[in-house]
Amino acid sequence: MRTPVVMTLGMVLTPCGLLLNLISTLTPGWRLVKGFLDQPVDVVLYQGLWDMCREQSSRERQCGQPDPWGYWEARPVQAARGLMVTSLAVAALGLLLASLGVRCWRDEPHFALAGLSGLVLFVAGLFSLVPVSWYNHFLGDRDVLPAPDSPVSVQVSYSLVLGYLGSCLLLLGGFSLALSWAPWCEERCRRCRKAAPAGPRRASISTVHVDWPEPALTPAIKYYSDGQHRPPPAAASNSAAGKLKVGFPMPRPPPKAYTNPMDVLDGEGDPAATSQGASSRSTRPCQSSLPCDSDL
């Protein structure tokens, strides 16, 4: 059996989302701070979840910078650490279940397991989307995410963008794999309809038989069935004979007689009369508009 499109799409998007979230969690690029007064203009500070790096155009990047502003104690940073790690673990579990459900080595996919993996991956995408959105919401708030005062500026860095992309890919891949439940549910419903009922079937209104009393019909209707007149019982005939007839007879029309005005036996008895009749018809003048026999 060919692998369904939803499974193929989920197996493509899910590893990409997991990889992007892993890069976003480990790299120190959630926020970019620049514009320090007491340092060169090209000095840039990258802040992440686990490390802080200082970069200058004339020097290499230097990580492990101190935190004089209390950035590590901020609530969005602490929450992002826990939720991003949880998202990575749940996504790895979902990817394992998806690999077992999509059946890379079997003929038929396991639709229920693939749908379950899609649900797990969708939850993993939510776990990573929440801290990324929360961090981005308070990015410029120096009370929530501490940073030096103006003219120092803060901007979104690449790790935050990768976190957004990874979360969206996990959501799309999980939703795509969760659609694998549709064939499984359809098959389950078909089996339930085909299965015989466990107990006796309860009588419905269509199976209830009601014995209605037989109506008292007249003899003409009562003793006529199956296209035939049946003789009434003796008791009924005697009772009917004993009753007096009430009413008057209806007049019947006289029979109609059909007669033929022509004598069909004319000329059948005497041959001489027949020949005489023929000669008389031949000598009779033709009065019709059609040509006569003598003119032919």
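At what angle do the axes of α2 and helix α3 cross, and within how many Å do they come? The views below are of a predicted model.

**View 1. Helices α2 and α3 cross in a left-handed manner.** The axes of α2 and α3 (residues 111-137) cross at roughly 165° and come within 8 Å of each other. Because angles over 145 degrees count as roughly antiparallel, α2 is roughly antiparallel to α3.

**View 2. Helix α2 runs from residue 75 to residue 102.** With 28 residues at 1.5 Å a residue, α2 should span 40 Å. After α2 comes R103, which has a positive phi, near 60°.

**View 3. T25 is a buried residue of helix α1.** T25 belongs to α1, which covers residues 5-26. T25 counts as buried because its relative accessibility is 2%, and buried means under 20%. Leaving aside residues up to four places away in sequence, T25 touches L49, W50, M84 and L88.

**View 4. E55 and R61 form a salt bridge.** The structure holds one salt bridge. In the pair E55 and R61, the closest N and O atoms are 2.9 Å apart. Side chains of opposite charge can pair when their charged atoms come close. E55 has a relative accessible area of 28%, so E55 is partly exposed. R61 also counts as partly exposed, at 37% relative accessibility.

Note on methods: Residues numbered from 1 in each chain as written. Predicted model: local features only at pLDDT ≥ 70, side-chain atom pairs only at ≥ 80, totals over all residues. Heavy atoms only, no water. Salt bridge = Lys/Arg side-chain N within 4 Å of Asp/Glu carboxyl O. Buried < 20%, exposed > 50% of the residue type's maximum accessible area, 1.4 Å probe, protein only. Helix = DSSP H or I, 4+ residues; strand = E, 2+ residues; numbered from the N terminus. Expected span 1.5 Å × (residues − 1). Contact = heavy atoms within 4.5 Å. Axes fitted to C-alpha atoms, helices over the stretch in contact; angles between N-to-C directions. Parallel < 35°, antiparallel > 145°, perpendicular 65-115°, else oblique. Left-handed = near helix turned anticlockwise from the far one by under 90°.
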